Amino acid sequence: MERRLFLRCLGCGATATLLAQTELLPRALGGVQNACAFDYTKKLSSVEAWYYVKREGGGIECRLCPRRCVVTDLERGYCGVRETRGDIYYTLVYGLPCSLNIDPIEKKPLYHFYPGTTAFSLATAGCNANCKFCQNWEISQTRPEQTDNIDLPPQTIVDICNHRKVPSIAYTYSEPIIFFEYMYDTAKLGHEKGIRSVMITGGYIEKEPLKDLLQHLDAVKVDLKAIREQYYKDIVNAELKPVLDALVEIKRTGVWLEIVYLVVPTLNDSEEEFVELARWIKTNLGTDTPVHFSKFYPQYLLKNLPPTPTGTLEMARNICRAEGLEYVYLGNVPGHPAESTYCPKCNEVVIARRGYTILQVNLNNCRCSNCNNEIPGLF
Ligand code: SF4
């Protein structure tokens with residue numbers, strides 16, 4: 001079936017058609033779609049946005065993320081997907097993802113969250129930051145008029161998950177905070193129908209929307225990009241403090257949390273930073289919070305730097321373990337022993353992995369099969 005025909009099919013609700021479509025999903029939509037030229041005739045949503053205040057004298061102030069954009073009539077916020085018309089603020093991407101796939105949960109990465117299961121993964125155009133190393137800049141740094149969007153309301157996502165027996169939905173690839181209303185409604189509906197939701201995020205969000213959203217999430221993976229404000233200013237174009245606050249709030253609510261730290265050569269890879277990072281996590285989140293050190297590859301605006309040496313990732317891991325963190329992984333290094341989960345008490349492998357594949361699980365009711373030590377997470 002051609003992609004065009006597949007997309008037309010997605011609009012109809014009959015169960016038989018839905019089953020036929022969902023069989024074709026991974027083939028028809030193979031992941032992140034490239035941005036294309038501006039198309040001003042493209043259908044965008046006009047659903048009123050949440051978390052904004054009207055300003056005296058016109059315009060609005062968006063209170064969704066700490067950027068707090070002030071947006072006048074017919075202008076958009078920094079993320080490019082929220083627009084003022086008159087004195088109403090709208091989200092333009094509700095129900096209009098540009099990227100879909102069914103991924104292993106290990107790809108997010110979430111290592112302590114139902115290992116070996118899959119997640120229906122989606123993203124819209126847009127982002128509230130601009131990381132110089134962004135892997136998905138073709139969708140994160142574009143407008144929804146530039147991406148190939150699909151009409152996919154929350155109900156259809158949940159129906160697809162139920163028919164395909166996909167247990168989780170992942171809001172991922174770009175920055176799901178900027179399609180908050182769509183994510184919230186999908187996660188809420190998913191919970192009503194027995195489908196879990198996970199958010200893969202930079203964590204740059206205001207407190208109130210985060211608290212509201214966490215009621216409908218089962219897990220969050222936060223990309224903590226550095227432990228220094230200067231890096232956030234220079235490389236991410238955002239701020240560290242709100243991200244740290246968000247991490248504490250997620251942990252406080254009990255929603256499952258894992259952290260990824262992309263190690264970028266010369267920019268955030270010093271021993272001192274790894275010590276600071278480990279100590280902050282230990283003090284504020286606890287030693288049982290999984291941390292993934294991920295290998296950087298040159299791309300987007302950081303093509304001048306080399307890939308992260310595996311030795312640097314190992315140093316980061318060793319420092320964190322010496323500081324007491326119990327679950328420290330290496331990412332983007334397929335075949336490395338640090339892809340697997342080890343029991344911190346007896347050091348036996350409790351989940352053996354290679355890349356996104358689970359090779360073996362040695363757990364009994366969330367406990368190490370060897371020494372009965374409890375392993376944190378949802379298994
Ligand atoms: S969500 Fe978008 S519009 Fe709102 S403050 Fe953040 S960047 Fe600005």
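The radius of gyration of the protein chain in this predicted model, taken over C-alpha atoms, is 21 Å, which agrees with the value near 21 Å for a compact globule of 379 residues under the rule of 2.2 Å times the number of residues to the power 0.38. Local features need pLDDT of at least 70 and side-chain atom pairs count only at pLDDT 80 or more, whereas totals for chains, interfaces and linings use all residues. Residues are numbered from 1 along each chain as its sequence is written, and side-chain values use heavy atoms, with hydrogens and water left out. Along the principal axes, the C-alpha atoms fill a box of roughly 60 × 50 × 40 Å.

Of the 379 residues, 55% count as buried, that is, under 20% relative accessible area with a 1.4 Å probe, protein chains only. Among contacts (heavy atoms within 4.5 Å) with a separation of 6 or more, 67% are between residues 24 or more positions apart.

The chain contains ten helices and 19 strands, assigned as DSSP runs of at least four residues (H or I) and at least two residues (E), respectively, and numbered from the N terminus. Strand E3 (residues 60-62) is joined to E4 by two bridges, the two strands running antiparallel, and Ile-60 stands opposite Val-71 in E4.

Note on methods: Buried < 20%, exposed > 50% of the residue type's maximum accessible area, 1.4 Å probe, protein only. Pairing = 2+ DSSP bridges.
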